[in-house]
Amino acid sequence: MTLEDWLRHSSLIAHETSSQEIAGLLGVARRDLADSQVSGLSLDASFNHAYNAVLQSALAALAAAGYRIARGVSHHHYAIQSLAHTIGCDSELIAKLEKFRKKRNISDYERAGTVSVQEAAAMVELARELTARTEAWLQQEHPNLAGE
């Protein structure tokens, strides 16, 4: 499905963004990426901060593309899936992010201590990569929204 299909099915809403909104979302992404690497954090916390950096980057790209996720819709799922349509993530990367989305739900709502060292490191690396990719995509595709 495309973003237009999601719009027709009321999963997305047309949205006019601003450079301020994009800067705010990317600011949160950068903060959470930095926070994910603070010494002494639990693996769960590091993972969750990095995951949120990816989520905020995805929401920034979606807003730049002219959409936001409708209320009552699986917010995180659509944000992750939208990365294929905005910054061009491949299906393998989307599948990995979906797996991490489910892991984040468990660590955030059900059980502590479920994130491994490898998973936390992989999530931080993905957050670093996707935040940078989103920023580059914005500069290329939407320079009026990208800011300085």
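Visitor: What should I know about the model before we start?
Guide: The model is predicted, so local features need pLDDT of at least 70, side-chain atom pairs count only at pLDDT 80 or more, and totals for chains, interfaces and linings use all residues. Residues are numbered from 1 along each chain as its sequence is written, and side-chain values use heavy atoms, with hydrogens and water left out.

Visitor: How many aromatic pairs does the structure hold?
Guide: Two. Rings of Phe, Tyr and Trp (its six-membered ring) pair if their centres lie within 6.5 Å; planes under 30 degrees apart are stacked, over 60 edge-to-face, the rest tilted. W6 and Y78 are edge-to-face, at 4.9 Å centre to centre and 90 degrees between the planes.

Visitor: Where do W6 and Y78 sit?
Guide: W6 is in helix α1 (residues 3-8) and Y78 in helix α4 (residues 75-82), 72 residues apart. Helices (H or I, at least four residues) are DSSP runs, numbered from the N terminus.

Visitor: Are W6 and Y78 buried or exposed?
Guide: Both are buried. Buried means under 20% relative accessible area, exposed over 50%, partly exposed in between (1.4 Å probe, protein chains only).

Visitor: New topic. How many salt bridges are there?
Guide: Seven in the whole structure. Each is a side-chain nitrogen of Lys or Arg within 4 Å of a carboxyl oxygen of Asp or Glu. One of them joins R31 and D32 at 3.1 Å, N to O.

Visitor: How accessible is D32?
Guide: D32 is buried, at 3% relative accessibility. R31 is partly exposed, at 45%.

Notes:
Helix = DSSP H or I, 4+ residues; strand = E, 2+ residues; numbered from the N terminus.
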